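Work through the following exercises with the model open beside you, and try each task before you read its solution.

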Amino acid sequence: IFQNYEKRIVQRRYCNTCPNPDAGEPTQPPIQNKSSLQPPLSDPYPGLPTPVYASLKDEYHTTQVTTLSNGLRVASENRFGQFCTVGVVVDSGSRYEVAYPSGISHFLEKLAFNMATKYPDKDKIMVELEKHGGICDCQSSRDTFIYAASADSKGLDPVVKVLGEVVLRPQISLQELTAARQALSFELETLHMRPEQEPLLMDMIHAAAYRDNTLGLPKICPEGNINVIDRNLLFTYLKHHYAPQRMVVAGVGIDHNALVESVQKYFVDTKPIWEVDTDLTAGVRDMKVDNSIAQYTGGMVQEECVIPLYAGLSGLPELAHVVIGLEGCSHQDPDFIPICVLNMMMGGGGSFSAGGPGKGMYTRLYTNVLNRYVQYRIATAYNHAYTDSGLFCIHASAPPQNVRDMVEVLVRELVNMAGVLGEPELERAKRQLQSMLLMNLEARPVVFEDIARQVLATGHRKRPEYFIEAIDKVKADDIHRVARQLLKSQPSLAARGEITKLPAMTDIQAGLLDLEGKTTRQPRSNFSFPIKFYILEFCHFI
């Protein structure tokens, strides 16, 4: 009886259409849900455009390249997504400042996206980009200069207009020049106050490797040149280095024909400001572009100073930093891929790491250096590749009293690159390199830079599949060959901090020639027989 009563109560509560549970037909129509006027989820929402889904069609993964009438190249790849990345890559950088005061590229980086002919102040440019959800950035390196913006694909034409104005028609007012000088002074002061020394050390190791030429010229503006570089000098540099033949306009996530049309309007039909107003370069002698090839020299650059400590109760001691470099190869050399695998095999990083897959905890500089010598704080391998040369180096840091031992460990690891190489270690390095390549190319700005740099260097773009296949083909013999080639070069050395215990360059040269990487421990002024022997052997080797 109780169960029948409960059943009737539930039916009355949740089914108003049947007052009597035993009745066969409802006595009133169902009550419609009036709480929402939205259509059911099973029906398409009215008024919205038809959705476009990602596809694996070839046209979405093909890089198109068009050369315009003035020699400017336009490259693009249509990729799925609402946003696009568009930018300009210029064959410019600190390596081309031979005839100019060093630091012009650093200046131009601070002056980017400021006042232009069509935009009376920087805020107008920001407002134009923000209309389309856009952001902008500018970066300079030793051999390229990049202006880029990411925005909604529907705002392609306004974004290209902004880029055309910023690159070809900047105003560089005296007020902006003063602000740039202040920013550079503050940045230089900050660099010398930070415990991180990598930017300064990279400038120093390049200066040692390419002494007084091309890639050895400083990327960071020297303090003495901040007030030397003026408006006329900057426009003279732009006039010669921002020529159409030295630029590539690239885009990702946009239609190629639409990009070509916009570039034609703002980069070809509208003239650069230095062609319209020739007085901008008056008073400066005509300085052509330096096309000399980088000459690797090797050598030493050192600076005795006090490295700032980390703020707070970090417990970290004062550190001395050392970088040892060897001559590598260009990114167009057949040995470029094997050296990249070798660089991944050496790996390294900081003494503190969260670990986990892909963190490189099984690379040689971790297993053989950081895990064995707790006093070392950093041990990282770098491979810098350019159009005509390259630099392979290892950066390490330790307390000043451990500098000599640290250099001996680094030399031994460099020599061991040409030693025994197990198959698991090689395969791990190859998979890590492939994984890093593919993960980076998931980001749209990285794809843009990859397209622009490849087209600027070669006129076309190699697909990621090409590099994946090339990495797979690397054998142990290839690693041994490129390692022996690296060890044949004259070493480069950069050191900063309290480096009184730094070994002499002859000791490092002797260690690189020794099969076990052993350096001599004689005082610098004591040329005993073993050191003479190694020096003569090294000269004969060269």
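**Exercise 1. Find out how far the sulfur of cysteine 340 is from the closest cysteine sulfur, and decide on a bond.**

Solution. The closest cysteine sulfur belongs to cysteine 329 and lies 7.6 Å from the sulfur of cysteine 340, which is too far for a bond, because a disulfide is a pair of cysteine sulfur atoms within 2.5 Å. A search of the whole structure likewise finds zero disulfides. Cysteine 340 has a relative accessible area of 15% and is therefore buried, where buried means under 20% relative accessible area, computed with a 1.4 Å probe on protein chains only.

Before going on, note that this is a predicted model, in which local features need pLDDT of at least 70 and side-chain atom pairs count only at pLDDT 80 or more, while totals for chains, interfaces and linings use all residues. Residues are numbered from 1 along each chain as its sequence is written, and side-chain values use heavy atoms, with hydrogens and water left out.

**Exercise 2. Describe the surroundings of serine 492.**

Solution. Begin with the accessible area: at 1%, serine 492 is buried. Next, look for its partners: serine 492 touches residues including Ile205, Tyr296 and Val323, not counting residues up to four places away in sequence, where contact means heavy atoms within 4.5 Å. Finally, the side chains of serine 492 and tyrosine 296 make a polar contact at 2.8 Å, that is, a pair of N or O atoms within 3.5 Å, of which one must be able to donate a hydrogen and the other to accept it, and residues adjacent in sequence count only if both atoms are side-chain atoms.

Methods: Buried means under 20% relative accessible area, exposed over 50%, partly exposed in between (1.4 Å probe, protein chains only).
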